Structure formats: C-alpha cells, structure tokens
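This report goes through a two-chain model, from whole chains down to single residues. Please keep the structure in view while reading.

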Amino acid sequence: MPDDAIQYVAKNMRLDLRLIAEMIPQDARMLDIGCGDGALMAHLAAEKRVDARGIEIDMQAATEAVAQGLAVIHGDADNDLAFYPDGAFDYVVLSRTLQAVERPREVLRQMLRIGRHAIVSFPNFGHWEVRWKLLLGGRMPDTETWTRPWYETPNIHPCTILDFFALAELEGYAIERWLAVDERGLKAPWTRSVRLANLFGQQALFQLRRK
Amino acid sequence: MNANAPFPEVTHQRALLPEGLTLDCGAVIRPLAVAYRSYGTLNAARSNAIMVCHALTGDQYVAERQPVTGKDGWWDAIIGPGKPVDTDRFFVICANVLGGCMGSTGPREEMTDENGVPQGRPWGTDFPVVTIRDMVRAQKKLTDHLGITRLLAVIGGSMGGMQVLEWAATFPEAVFAAAPIACASHHSAQNIAFHEVGRAAIHSDPDWKQGRYWEDGRIPAQGLSVARMVAHITYLSEAALTRKFGRRLQGASALTFLEDVFQVESYLRHQGSTFVRRFDANSYLTITRAMDYFDLAHEHGSVAAAFRNTPTRFFVASFSSDWLFPTGESRALVRALNTAAARVSFIEVTTDKGHDAFLLDEPEFHRALGGFLTGAARDAGL
C-alpha cells in the first residue's frame, strides 16, 4: 500500500481506519462492526460509492451515525451477525473490537459467512512493552494501548499476532494481507518477519477470506 | 355540556373516491372518503411527499390546531418549517385512517350499500372489519388521487408504525424510505388483552346499545372513558407515573372509597372524560380490532419474507421505557430486515416517558429521524 493512496482521506479519520479505507474497493458492499459514529462508512460512501452498513454497541455513537443518514443499527458482534444472510457483503470490518467480544472465534466465522472478505484489526498483546511489564513487574501490563486495569477492561480476549495466525490456520482462513502498525496507525516495516511484527507492532490488521 | 352527547360535527377536507375500496374481509366500501391534511408544497417532480400515519386515537391534524379539541397538532414537535420533518422542503400528508372518526369512511359516517347508495343512517357496528392493510390501501388511493407515484418517506409511531410497515410490504416501489417508530411486526397477546378490556368496558355501557347509540343521540361515554383510562396507563411508564404523581393525595383527608383519593386517579379520569368528547366508540372498537389482527409474519410467512429484496430503506426507533411496544420487538424487526438484506438504521432512545415518548420532546429521536430523512432526500436526488 503506497502512502500516497491515503492522501485524500478525511483528515479527521482515525489512522487505522484510513488503512482499512484503502483496502476496500469502489462500489463494494461493506458492513462495519463497531462503526462508532460512522466515520469510515461516511468516507467510503462519499469517496467510493460503497454501500456501507454499520453496527455499533454504544447508543450515543449509533445515534450520531443515524443522524448523519447512515445505515447503522444499535447492536453488537456477538448477537447480531447471525441474522444477516450468507454472502450479504463483500467486506466485513471489525476494527479494534475482536478482543472485546464474547466469542471471537464465532464472530470471525459469522464475518466470513456473511462476507467474502473479513478485515480485522486488534491490539497486539505480544508487543515487547506488554511482555516487559509482565516479566519485570509481575503485574498486568498498563501501556499506551492497554490502558484499563484488569478488573474493568472490556478486553476479555486479548491475543498476539502469532495467536491470530494460529487461529486463522485452525479455521482454514486464507490471510490475504496483514500488517503491524504502531498506536497511531502508521505502518511498521516488519512484514517479512511475523516474530518481529509480534514484538514491535502495537496493532495488527488482517484481511481474510475463506479458503 | 352533556357528557353523553356526541362530539360536534366539523367539516373535514377529504378526497371522495367513487371507485371505492375492496377490503381484506371481502366487503366493498363505495364511495371511499379519505379525510386528509397536507403541509408544505409538492414539487414539480412530485418527489418530495412524506406520508405521516397516525396512531389509534390520532387524526389527520398532525401539525395544526385540531378543530374539535382546539389543541395543537399531535406531532407539532417534529413537523413544520425547519423541524425534523421540514415542511419548507417536504410535502407532508396525513390522512385519517379508514374506520376513523375525523371524516374518513368509518362507523360514524353515513352507510352506503355496495352500489354506493346512501342508507340514511351511520354505519355503526355494521361497518365491516378493517385491517391495517386496508387502511394503507385507502391511503394509497389518496396518493394516487394526488398524482404521487412514490413517497419519499412514510413515517409513523405505534399503530402509525404498523401502517408504515404495511406500506413498505404492500407497495415497496412506492416507498423510498420508511420510519416505523415504537411499534412491532405484530400485536402481542398482552396488547390484545388490554384492547379487549377497553372493548369490554364499551360493550358493558348501557348507552352503547349494541352499537346503535346514534339512534337516540347519546354516546357510551362511561364505557369509552374507562377504555381510554386503561389504554392511557399502557402509554406511560411506572417511572413517569411516579415522577408525575407519586402517591400524592388529591385532598381527601378521611379514608374513602368514593372519591378520587390519589392524584393519578383524577388524572386518568380527566384523560377519559376529554377523550369521549373527540372520539367515536364504534371507531374505537373497529380500529383496536384492526391493530389486533396485525401480524406481518402471518401475512407473508415470515417478517423477513415481507421485505425480501426491498428497495425501501428503514429507520426503526424504540424507547427504553415503552412496555407496550418494547425494544425487543423493534430489535426483532431490525433483525428480520437484516435477514431481508434491507438497508436499516436502528436506535433505542433512553427515556422514562414510556410509549408516549414518540410524541414528546425527545431530542435524540428527533435528530436521528431528521438525519434519516435528510439522507433519504439526498440519496433520492432531491
């Protein structure tokens, strides 16, 4: 992905969303799970004529998105995906949410049932700072990415980049592309080595399809 | 004022459609009168029309003074210049439902035979059984009469929401956007039960006279009033009643059975007594029955089948303290729409105002509805 591809992207959009926006082609049918106020959807609808639908668990954000005229429903990944028909979308996006769902494996299955491609981003629990803090301090890590104490974090299913590769293998998903990025969504040059990416990437971004 | 006298006659604006309407029950209404009001201006392309569907005891006076009661329009909060349903941009139509009592063909209007010959008496309980779909077909006749082939949107709450769903299911090509608010794809057993209490109250009033109360110029005021009191409780929430009245006493110091003891009692009694001055008992029986019969899944096999590959986009909204049409029922509707691959937006508005919240000042709801309509207008090329 050349960097100049993102120059037209709305300046106020989260950087990891810009990366995802690049991965979705013109006129695609897209479902954004955890769409927030719909920034990615609005951008893709305006710039690429994407037929964008969204699910958001936070009522205020969902209301904000609906008030912009976006097709967003209040709902969540664990309970609402089962109701969409097979192959309803070209792309199903789950951004920074996989670690917070009740059944991540089932959510991925549903994503690849209702969509041809799944785009998933999650915070990497294998980052060196996480390992370092746990090794030296013996306490649950508190970093730029993992900010909430263990007793109130919504992130009940953290995983590492290596863990995600293993799950994709287990479930028989083809990894079409992947990259590790830092907290601000900037790409990091570790694509040749999964182990280095797992050590230095704060966030991971995967595009999957069924084999 | 005599509480048992019928409410005053008012001349309503109406379209008289000589071809009439064949109902789901097989009966033919001929001619068909559809009383309606409109606001704003229909554009040259006739593409900016929004149909508003009213609830059980609502009427066509949605955004202006109601001529019988003198009160403001029931959806004045959202319809008007610069409001979420902006009459500077949109041409807003609201029709009195078939079976209603504000000028559309219904039990209170003069009966006609199948050839349209007037019978010199009101329909009364001889008015045929109507369904929500019959009401919608009557509204479709009105929009055809006005030369509108596609509505930009159909919106409504409660029974109005049922009509919205029936519009989208029956005439998908004629509905660009649909906003069913605070409703469900069927009327629940609990809701039918409450309706039956209301009907039983009317039936047990000696002035009802098997529906022939019009013969001696009286109305079953007591029965209709009790029906309204029961129904009114279902429109509120426990929290709203507690907030408004709590256990506050009306003033009676001694223990008594006979007077209003608690404030909430006089409030309900007031609701009942004002209602009978604007609503016809036989209309109440007819329309509550139409709601009870409403069940999209029964009509189409499933709710999803009713909307399979629909071109219509939807905005569904529910209210957190509404126990008459609880959020779960809206969510089930949204899931069925997703199964049908429909484009749908859905929010639940947090409020303690119960079912009535859809009529009240709920800024989040108004903002979301306004945004939905603006987006629809944009995508429809307006």
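How many helices and strands does the secondary structure of chain B come to? The count for chain B is 11 helices and 14 strands. The model is a predicted one.

## Chain B as a whole

Along the principal axes, the C-alpha atoms of chain B fill a box of roughly 65 × 50 × 40 Å.

Of the 382 residues in chain B, 52% are buried. Contacts in chain B between residues at least 6 apart in sequence can be sorted by separation: 70% of them join residues at least 24 apart.

## Chain A as a whole

Chain A contains 8 helices and 7 strands. Its radius of gyration is 17 Å, close to the 17 Å from the globule rule for 211 residues, so chain A is as compact as a globular protein of that length. The C-alpha trace of chain A spans about 50 × 40 × 35 Å along its principal axes.

Buried residues account for 43% of the 211 residues of chain A. Among contacts in chain A between residues at least 6 apart in sequence, 61% link residues at least 24 apart.

## Where the two chains meet

## Two domains in chain B

Chain B is divided into domain 1, covering 14-188 + 295-379, and domain 2, covering 191-289. Taken over C-alpha atoms, the centres of domain 1 and domain 2 of chain B are separated by 26 Å.

The contact between these domains takes 27 residues from domain 1 of chain B and 22 residues from domain 2 of chain B. The side of domain 1 of chain B that touches domain 2 of chain B has 11 nonpolar, 12 polar and 4 charged residues.

## A pair of helices in chain B

Two packed helices are described by the angle between their axes and the distance between the axes. At what angle do the axes of helix α1 and helix α2 of chain B cross? Helix α1 (residues 132-145) of chain B and helix α2 (residues 159-170) of chain B have axes that cross at roughly 70° and come within 9 Å. An angle of 65 to 115 degrees counts as roughly perpendicular, and α1(B) and α2(B) are therefore roughly perpendicular to each other.

From α1(B), the residues in this contact are Ile132(B), Arg133(B), Met135(B) and Val136(B). They meet Met162(B), Gln163(B), Glu166(B), Trp167(B) and Thr170(B) in α2(B). By class, the contact of α1(B) with α2(B) has 5 nonpolar, 2 polar and 2 charged residues.

Is Thr242(B) buried or exposed? Thr242(B) lies in helix α5 (residues 238-244) of chain B. A residue counts as exposed if 12 or fewer other C-beta atoms lie within 10 Å of its own; Thr242(B) has 12 C-beta neighbours inside 10 Å, so Thr242(B) counts as exposed. Thr242(B) and Val264(B) are 22 residues apart along the chain, and their C-alpha atoms are separated by 9.2 Å.

## Backbone exceptions

Most residues other than glycine have a negative phi, and most peptide bonds are trans. Which residues does a cis peptide bond join? Arg30(B) and Pro31(B) are joined by a cis peptide bond, with omega about -5°. Pro31(B) sits in the loop between β3 (28-29) and β4 (32-39) of chain B.

Arg49(A) is not a glycine, but has a positive phi of about 50°. Arg49(A) is in the loop between α2 (39-48) and β2 (51-56) of chain A, and is exposed, with 11 other C-beta atoms within 10 Å. Arg46(B), also a residue other than glycine, has a positive phi near 55°. Arg46(B) is found in the loop between β4 and β5 (49-53) of chain B, and is partly exposed, with 16 other C-beta atoms within 10 Å.

Methods
Residues numbered from 1 in each chain as written. Chains lettered and ligands numbered in written order. Predicted model: local features only at pLDDT ≥ 70, side-chain atom pairs only at ≥ 80, totals over all residues. Domains from an automatic or database assignment. Contact = placed C-beta atoms within 7 Å. Nonpolar A, V, L, I, M, F, W, Y, C, P; charged D, E, K, R; others polar. Axes fitted to C-alpha atoms, helices over the stretch in contact; angles between N-to-C directions. Helix = DSSP H or I, 4+ residues; strand = E, 2+ residues; numbered from the N terminus. Parallel < 35°, antiparallel > 145°, perpendicular 65-115°, else oblique. Buried ≥ 20, exposed ≤ 12 C-beta atoms within 10 Å, placed from the backbone. Rg over C-alpha atoms; globule rule 2.2 N^0.38 Å.
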